[in-house]
Structures are given as C-alpha cells and as structure tokens.
Amino acid sequence: MPDQDRTRPTDLPDAPVIVWFRADLRLRDNGALSAAAASGRPVIALFVLDETGASGRPPGGAQRWWLHHSLTALGSALGGIGLTLILRRGDPRAVLDDIINRTGAQSVVWNRRYGPEAIALDSEIKASLADRGLTVKSFAGALMHEPTKLKTGSGGYYKVYSPFWRAFIGEGEPRRPDPAPGTATAYDGTIESDDLADWDLLPTGPDWSGGIAATWTPGEKGAHERLKAFCADALADYGRKRDLPGVDGTSRLSPHLAFGEITPSDIWYAAAAAEGVAKKQLEKFHKELAWREFSYHLLVNFPDLRTANFNDTFDAFPWEGSEDALEAWHKGRTGYPIVDAGMRQLWQTGWMHNRVRMITASFLIKHLMIDWRRGEDWFWDTLVDGDPASNAASWQWVAGSGADAAPYFRIFNPILQGEKFDPDGAYVRRFVPELSDLPDKYIHKPWEAPRKVLEKAKVSLGSTYPEPMVEHKRARERALDAYNEMRGQAA
Ligand SMILES: Cc1cc2nc3c(=O)[nH]c(=O)nc-3n(C[C@H](O)[C@H](O)[C@H](O)COP(=O)(O)OP(=O)(O)OC[C@H]3O[C@@H](n4cnc5c(N)ncnc54)[C@H](O)[C@@H]3O)c2cc1C
C-alpha cells in the first residue's frame with residue numbers, strides 16, 4: 001500500500017514516532033532520540049529546513065555551510081543505528097502534518113529550543129497535535145538548567161551575572177548526559193526526502209568557505225574530538241591563555257554547541273573529569289559555560305534582546321556612523337591592526353576570539369558610532385557559532401545597553417588592547433600579513449613607525465595598509481559626548 005493511502009491508525013503500538021531534529025544534531029545525550037528508540041516504535045528521524053522565519057531567524061551564510069556538513073554527519077551517524085534522516089524544507093507545521101498523514105505517526109518528540117519564535121511555534125505545534133490526539137513530548141538538553149527555572153528571591157529573573165552564577169551553582173549538579181542509543185527500530189515505509197545538495201547551503205560563485213573548511217570538522221564526532229583535545233591540551237591553563245587571541249587557549253566548542261552536536265552537560269562533566277586541572281581553572285571554564293546559560297536566561301525573559309535595547313535609555317543614542325565606515329569594518333580595513341585581524345579572522349574562519357569580539361564590537365559601536373544591531377547582524381551572517389542568545393546579549397553587553405553590561409564610558413583602546421593581549425603581534429601577523437614584518441613595537445600602531453621602519457617592513461600606509469580611519473582620542477571624545485547627550489535627553 002503506498003504511504004499516502006494509509007489512514008491514521010489510533011493508538012497502535014507500532015505507530016511510528018517522529019524525532020524532530022532541530023538545534024540538536026547529535027545522538028549522544030539526546031533525550032528525544034533516546035525516548036523514541038526506547039519506545040520500541042518505528043522511528044522517523046526528521047530535519048526541517050525552515051526558511052520561513054517561523055522558527056526564528058534563518059541561519060546566516062557561515063551557518064548554512066556548517067549545517068550542510070553537520071546534517072551529513074548526523075545522517076551517517078543515524079545510519080549506524082539503523083535510521084535514515086528525512087530532510088524536508090518548508091514550514092514545519094505543514095511538513096509534520098504531511099508526514100503524520102502519510103505514516104500514521106502517533107507521537108512526535110523533540111528537544112527544546114529557546115529562541116522566542118521557536119518557543120511560540122513549538123507551543124503552537126504541541127497544542128495542535130495534542131488536540132488531534134497525538135502524543136508530543138519535549139526534552140531538555142540545550143542547556144544545563146532550564147532558563148526559566150532560576151528565579152531571584154522576589155520571583156523575577158537575574159539581570160546580573162554573579163548572583164545568576166550563585167543561583168546556577170545552587171541548583172545542584174547539571175543533568176548527567178545520556179549515552180547514545182545503540183539501536184532503534186526504523187520505520188519501514190517510504191517517506192520522501194529532499195536531497196541535501198538541492199538545499200544550496202554551500203556557497204558557490206564565489207565559494208568563500210575554504211578557510212572555514214580548513215578550520216572546522218562539523219558534526220558530533222568532530223565536537224567530541226575537539227573537547228578531548230581541549231581537555232588534554234588547554235584546559236589546565238585556561239584562565240591565563242583564554243584572553244590571548246594568538247594562542248589556541250579556548251575550547252572552540254561554540255559552533256558545535258550552536259548546532260547541538262554536543263551538550264553543555266557533556267562538556268561540563270568532561271572538563272570536571274580532566275586530569276591535572278586546578279580547581280580554579282576548571283571553575284573559570286565552567287563559569288564561561290554559565291555565561292551561555294545566562295544569555296539564554298536573559299533571552300527567555302526579555303525576548304526582544306536582539307532588537308531592543310535592554311536598557312531603553314539607549315533608545316535615544318545618537319548613532320551616526322556611515323555605510324562606508326561599516327564596510328571598512330566588515331572588510332577589516334579600519335587601520336587598527338587588532339580590529340582588522342579580528343574581522344579578517346571572522347571572515348576567513350567563521351569564528352573570532354572572544355577578546356577580539358569585544359574589541360571589534362566596541363570599535364564599531366564607540367569609535368564608529370554605528371548601532372550595535374548592525375554589528376550583531378554581520379556577526380550573525382559570518383559566525384559559524386551565531387547564537388540567538390549569546391550574540392544579542394554580548395553585543396548589548398559591549399554597547400552598554402545590556403543587562404550587567406560594561407559601562408558605555410569604558411571605551412576599549414584598540415592599541416593598548418592589542419599590546420596587552422597580543423604582545424608579540426602573533427595574531428595580527430597571522431591575519432594581517434601585510435604588517436607581518438613590522439617590529440613588535442609598532443605592530444599595533446604602524447602609523448607611529450619611522451619611515452625607514454615602514455619601508456623595511458614594506459608597509460606603505462594608505463596604500464598597502466590603511467591609515468587609521470578615526471583617531472582614537474577624538475573618537476573617544478565623540479563617543480563620550482554622544483553618551484552624555486543621550487543621558488541629558490533621558491534626564
Ligand atoms: C560581540 C560578541 C558576540 C558574540 N557572539 C556569540 C555568538 O553568536 N555565539 C556564541 O556562542 N558566543 C558568542 N559570543 C561569546 C564568546 O565570544 C564565544 O562564546 C566564545 O568566543 C566561543 O569560543 P570558545 O568556544 O573557544 O569559548 P570557550 O572560552 O572555550 O568557552 C566555552 C563555551 O562557553 C561559552 N561562552 C564563553 N564565553 C561566553 C560569553 N562571553 N558569552 C556567552 N557564552 C560564552 C560558549 O558556549 C563557549 O563555547 C560573543 C561575544 C561577543 C563579545
């Protein structure tokens with residue numbers, strides 16, 4: 001009997017269960033998949049590419065590249081336990097209806113996601129399927145503690161990280177990760193699936209993904225290999241090296257987390273079990289993982305985090321940057337080496353070191369006076385780890401408009417930041433190779449180098465490398481004037 005002719009049986013023990021994969025492209029510690037496998041029912045593994053916006057902001061260019069490879073990896077891992085990954089494009093409501101009608105599925109399971117649009121859509125789908133007699137179950141996994149669970153003494157939510165961290169720790173140990181199911185019963189009917197290649201997730205004309213492909217191994221296996229290497233090689237010195245962009249001192253697990261190829265619980269416990277790691281280093285790392293949780297805590301309680309100033313005093317901020325200035329920032333041609341190195345690292349590899357994210361974001365907002373939302377957009381399009389909570393929360397943090405934010409008037413000096421965190425210029429030399437022959441003394445301020453030094457290093461300012469597009473001291477004064485003007489309006 002062809003699939004489409006099947007009428008939906010009610011409550012048959014062999015009615016299939018749909019595992020709807022979203023931002024959880026893994027087998028291990030996957031509550032939804034484990035429950036489906038354990039049910040003994042035939043399992044339909046489904047991923048829906050939703051470009052309608054119903055599930056939230058569609059992935060940016062760099063994440064489309066990642067998604068292609070992550071789905072390939074997931075498909076083959078599912079094959080290992082006897083399942084086939086069904087790929088569909090469209091509105092998830094219509095796709096689920098279609099598959100339910102064709103297969104007689106009686107239940108749908110998924111792992112929860114926390115973007116505001118996704119929460120609304122999932123609630124709607126859950127209610128509508130339940131009304132029709134289907135069983136819907138959702139599972140935790142993307143976070144260590146549910147973001148709405150932590151409450152202040154007065155029942156509100158945390159706006160400052162330190163008390164959040166205390167509450168987080170007070171909640172007890174995070175959930176222990178589950179192993180991957182060893183096997184599952186596959187649904188034996190035919191279900192139409194798209195061809196991944198037809199989704200055009202990979203860039204063509206031009207293909208800009210070479211540097212990204214050389215840097216990353218998307219997929220669950222790549223995530224666990226990275227975690228293992230980090231725990232063995234870098235965790236013990238994390239507190240000291242995590243701020244040095246020229247050194248491989250952080251985990252680089254962020255894109256794997258963004259796609260749910262690994263869970264924070266898994267990372268938490270693997271780090272805790274690593275040998276030779278002092279308590280202080282471990283706590284520093286655990287605290288960073290908790291910043292991600294704090295960002296979600298903020299997003300869930302303030303759903304407009306990406307679009308609206310958390311502190312609405314900033315609604316009156318007199319942004320004034322130009323499109324040309326934005327373009328120079330995008331391209332890493334601001335004339336400030338540490339800023340340019342960061343923006344080029346982002347473009348070439350789809351990732352930027354955290355310290356440099358702060359420097360480049362501050363430069364856009366305060367030196368160029370461009371609205372933080374323009375920067376957040378660019379990061380979303382170019383980061384492989386673009387995250388609805390961490391990106392918005394971090395941009396607002398730098399802008400000074402966010403919860404527990406850096407005060408606006410603390411303006412990063414890109415020269416001093418470079419000298420402090422990239423003292424030998426290793427990072428700048430790697431991503432701004434036209435400056436690589438400059439001595440350390442001038443690597444973060446080539447305009448101060450004597451003519452002879454520039455000539456010897458084959459640097460011609462304004463030609464091989466730009467002059468600084470704004471002068472730091474003047475830019476700082478202009479930013480502070482704007483801040484005072486905003487405060488004057490708010491008073
Ligand atoms: C302007 C700006 C934009 C950012 N946008 C994103 C984003 O879109 N996606 C994203 O995952 N992170 C974002 N971050 C946070 C941080 O830069 C990255 O999480 C971190 O650089 C990822 O590298 P890692 O995995 O090596 O981090 P590690 O130092 O190894 O930390 C481990 C994990 O902890 C979490 N974490 C660490 N620092 C932070 C932080 N400050 N805020 C929230 N979580 C953190 C991440 O999940 C990270 O993978 C942004 C920061 C800034 C300043």
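A residue is called buried under 20% relative accessible area, exposed over 50%, and partly exposed in between (1.4 Å probe, protein chains only). Thr 313 is partly exposed, with a relative accessible area of 25%. The model is predicted: local features need pLDDT of at least 70, side-chain atom pairs count only at pLDDT 80 or more, and totals for chains, interfaces and linings use all residues. Residues are numbered from 1 along each chain as its sequence is written, and side-chain values use heavy atoms, with hydrogens and water left out.

Thr 313 sits in the loop between α11 and α12 (323–331). Helices (H or I, at least four residues) and strands (E, at least two) are DSSP runs, numbered from the N terminus. Leaving aside residues up to four places away in sequence, Thr 313 touches Met 486 and Ala 490. Contact here means heavy atoms within 4.5 Å. Pro 439 lies 126 residues from Thr 313 along the chain, and 44 Å separate their C-alpha atoms.

The protein is assigned three stretches: domain 1 (3–141), domain 2 (143–174 + 212–301) and domain 3 (312–486). Such bounds come from an automatic or database domain assignment. The centres of domain 2 and domain 3, taken over C-alpha atoms, are 26 Å apart. At their interface, 24 residues of domain 2 are in contact with 23 residues of domain 3. About 2,000 Å² is buried between the two domains, 60% of it on carbon and sulfur atoms. Buried area is the accessible area (1.4 Å probe) that two parts lose on being put together, summed over both. In domain 2, the residues that lose the most area to domain 3 are Ile 212, Asp 243 and Pro 245. Together they make up 29% of what that side buries.

One salt bridge crosses the interface of domain 2 and domain 3. A salt bridge is a side-chain nitrogen of Lys or Arg within 4 Å of a carboxyl oxygen of Asp or Glu. The side chains of Arg 355 and Asp 243 meet in a salt bridge, at 3.0 Å from N to O. Polar contacts were also counted across the interface of domain 2 and domain 3, giving 9 residue pairs, both residues at pLDDT 80 or more. A polar contact is a pair of N or O atoms within 3.5 Å; within protein, one must be able to donate a hydrogen and the other to accept it, and residues adjacent in sequence count only if both atoms are side-chain atoms.

Three helices, α6 (210–215), α9 (254–258) and α11 (279–301), each supply at least two residues of the side of domain 2 that touches domain 3. Helix α11 gives the most, with 7 residues. By class, this side of domain 2 has 14 nonpolar, 5 polar and 5 charged residues. Ala, Val, Leu, Ile, Met, Phe, Trp, Tyr, Cys and Pro count as nonpolar, Asp, Glu, Lys and Arg as charged, and the others, Gly among them, as polar.

The structure holds 35 salt bridges. One of the pairs is Arg 57 and Glu 376, whose side chains meet at 2.8 Å, N to O. This pair links distant parts of the chain, 319 residues apart. Arg 57 lies in the loop between β2 (43–49) and α2 (61–80), and Glu 376 lies in helix α15 (residues 372–382). Glu 376 is buried, with a relative accessible area of 1%.

Another salt bridge joins the side chains of Arg 102 and Asp 98, at 2.8 Å from N to O. Both residues lie in helix α3 (residues 92–103), 4 residues apart, about one turn of the helix. Arg 102 is partly exposed at 25% relative accessibility, and Asp 98 is partly exposed at 23%. Glu 173 and Arg 176 also form a salt bridge between their side chains (3.3 Å, N to O). Both of these residues are exposed. Salt bridges that share partners join Arg 22, Arg 113 and Asp 122 into one network.

Arg 22 is placed in the loop between β1 (17–21) and α1 (31–39). At 8% relative accessibility, Arg 22 counts as buried. Its side chain makes a polar contact of 2.7 Å with the side chain of Asp 122. A polar atom of the Arg 22 side chain also lies 3.0 Å from the backbone oxygen of Asn 111.
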